[in-house]
Amino acid sequence: MAPKIEVCDLSMSYGSYVVMRNVSFAVQRGEIFLIVGRSGCGKSTLLRHLLGLRRIGRRKVLYDGRDINQEISGGDFYGKKIGVLYQSGALWSSMTLAENVALPLEMHTAMEQDEIDEIVSLKLALVGLRGFGDFYPSEVSGGMKKRAGLARAMALDPEILFFDEPSAGLDPVSARRLDDLILELRDSLGITIVAVTHELASIFAIGTRMVYLDAESKTATAVGAPGELLETSKDKNVVAFLSRGET
Amino acid sequence: MTGSAALKIKTAHTAEIIISGTWKLRGRNDRPSAHIKKILAKGSIASVHIKANNLGAWDSSLINFLVKIFEALDAKNISVRMDEMPVGACRLVQLARTSEDAKVRPNGRARTGTVDFIKNIGTHCRDGAEQFAFFCGDLWRGTRDFIRGKTRIREEEFAVILQDVGVRALPIVTLISFLVGLIISFISILQLSKFGASIYVADLVGIAMMREMGCLMTGVIMSGRTGAAFAANIGAMVANDEVDALQTAGFSKVHFLVIPRVLALTMMMPLLCVFSSFVGVFGGLCSSMFMTKLTITQYCTQTANAVCIGDFCVGIVKSVFFGLLIASIGCSRGLRCGRSAEAVGLATTSAVVVSITAIIAADALFAVIFSMLNI
Ligand SMILES: Nc1ncnc2c1ncn2[C@@H]1O[C@H](COP(=O)(O)OP(=O)(O)OP(=O)(O)O)[C@@H](O)[C@H]1O
Ligand SMILES: [Mg+2]
């Protein structure tokens, strides 16, 4: 079976400024795949490419063996196949948290309003925001925005969830809860998860495999399970990252 | 008390820098350049030892001094030792020196000369026109889908926009139109009374307001008020990733953000324009009441005789077009916004400037077209 996501020789740049060259890796079905690297190395940029928000050449990014551009024009890609949690939450500020979560359900399903309301409160409860449905994004904290963003991302139970730094800005207890939720989503619903993260604790706790983006050589220098990479990698940047720079 | 650094050349190959005094950002401290120059001028020096002697309190001014010395001498392969300096200072210098450099600044706004400046304006205009053309294509497709009923807009959101664009704009439109009517009639009365023709002030104000000033003034007000608000609102959404989030949730940004706004303003502009024309005529009436012997009835009859239905329609047709123009420019500038607070400001400014220019240019074009059609 074709991997869930396959990246072949992808190069990324802003104008003439090259961020990364020739990045290749594959994400298997049901994996928790992590994109790691130092701050500013291009993780969010890579995510933007995987989401099809920037122009991508032919057969550079494949979903289930099909080209991403084909998937997007097919129509069922956004919202149904993938869900995204942005680095800042990116809640729609003119709507309450509940409306934010409800909107994808209203637009993409034929559910009745009361069923939508139930699902919305379920999703908010899963991220620990029971009762915050009537708050506007400007009325909640940064971490709460992020959690509401997660509730919105998983509103339609997509096949793949993308997270940009899910636990940044959360306290250790909430971060741990989030890790548990991510594992649970994978185990019970079979969702494939791609996450950008800096948190070493989460990397080792939840990561099945990871890709390390190296800012110096501007390419992906390692792909593999975090534990194995720490022990066997010969790349000093990878080892330094995974051991908090203590080598 | 100030920070001082004394340079001592010990041998042909070694030198010492003695740091003393209080090094504070608010004080006047020795600068590193003179010492660096002297050391480099000597040519033969291979190692420099930095020592502290009677060093008082210090802050980042000292760190800055040390880092500058390190950078300059390192580049010439001169070794620098500072093991006798306070441990904290050594550590901070070390931290500062191990920071990575940004190699190239992406898409940096280069500081350039006049020729490049003019060239930049050229490219800027071309890019702007190109992107606006793409935007219009998207808008056209979106509108077509909407008219065919393939997509719908969120009613609640549309109602809010409609209210904001229409009812909330009434006070400012009333005030400005009233004053414009007042001014036109004031100036005309001064001139016309010289010929004893002040009765014609009603014609002048009526035709001017219905044909030109009503829609033009509403257009200018709505550019500054609503066009700017559209650009700022959408721009802030872009900066906060909300527009990306719309796309990845499977919503088209044109359907979601642009069509309700364009529709609302295009619907409201003619109403506002008619309203503005009448308020302007009322302004003219007020000033002629005070300055001439005309009665209300005379003024109204004169206006009704002077203004024909054609003038009225000209104003309405233009205002529909202006509404479309202002809303499209506001939205397209918003969607093109960068990802920072500064970019939102730029988007807003350019929305206002471009849309005011555009409606005035369009008004001139309309004047030519209507005169050719004899309307
Ligand atoms: N819109 C942009 N235009 C030009 N360059 C950009 C833009 N956005 C990001 N960059 C550059 O691309 C590089 C990667 O940025 P990116 O946001 O992907 O980093 P990141 O790995 O997500 O960092 P962090 O962990 O801090 O979020 C940075 O060096 C940045 O300067
Ligand atoms: Mg990032």
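Two strands count as paired if DSSP finds at least two bridges between them. Keep that in mind while you work on this predicted model.

**Exercise 1.** Work out which strands stand at the edges of the open sheet in chain A.

*Solution.* Start with the order: the 6 strands run β6-β7-β8-β3-β9-β10 (chain A), and the pairing is mixed. Now look at the two ends. β6 (82-85) and β10 (219-224) of chain A each have a single partner strand, so one side of each is left without a neighbour in the sheet. As you go from one strand to the next, the twist averages 15°.

**Exercise 2.** Follow the pairing from β6(A) to β7(A), then on to β8(A) and β3(A).

*Solution.* Take it pair by pair.

1. β6(A) and β7(A) are parallel, with 4 bridges; here Ile82(A) sits opposite Ile160(A).
2. β7(A) and β8(A) are parallel too, over 5 bridges, and Phe163(A) faces Ala195(A) in β8(A). To get from β7(A) to β8(A), the chain passes through helix α6 (residues 172-189) of chain A, making a right-handed β-α-β crossover.
3. β3 (residues 32-37) and β8 (residues 192-196) of chain A pair in the parallel sense over 4 bridges, with Phe33(A) bridging to Val194(A). Helix α1 (residues 43-50) of chain A packs on the sheet, touching β3, β7, β8 and β9 of chain A.

**Exercise 3.** Sort the residues of β7(A) by the way they point, and decide: buried or exposed?

*Solution.* In a regular strand, side chains alternate between the two faces of the sheet. Ile160(A), Phe162(A) and Asp164(A) point one way from β7(A), while Leu161(A) and Phe163(A) point the other way. Next, apply the cut-off: buried means under 20% relative accessible area. By that test, 5 of the 5 residues in β7(A) are buried.

Definitions and conventions: Residues numbered from 1 in each chain as written. Chains lettered and ligands numbered in written order. Predicted model: local features only at pLDDT ≥ 70, side-chain atom pairs only at ≥ 80, totals over all residues. Heavy atoms only, no water. Helix = DSSP H or I, 4+ residues; strand = E, 2+ residues; numbered from the N terminus. Axes fitted to C-alpha atoms, helices over the stretch in contact; angles between N-to-C directions. Contact = heavy atoms within 4.5 Å. Buried < 20%, exposed > 50% of the residue type's maximum accessible area, 1.4 Å probe, protein only. Right-handed = clockwise from strand over helix to strand, strands pointing away.
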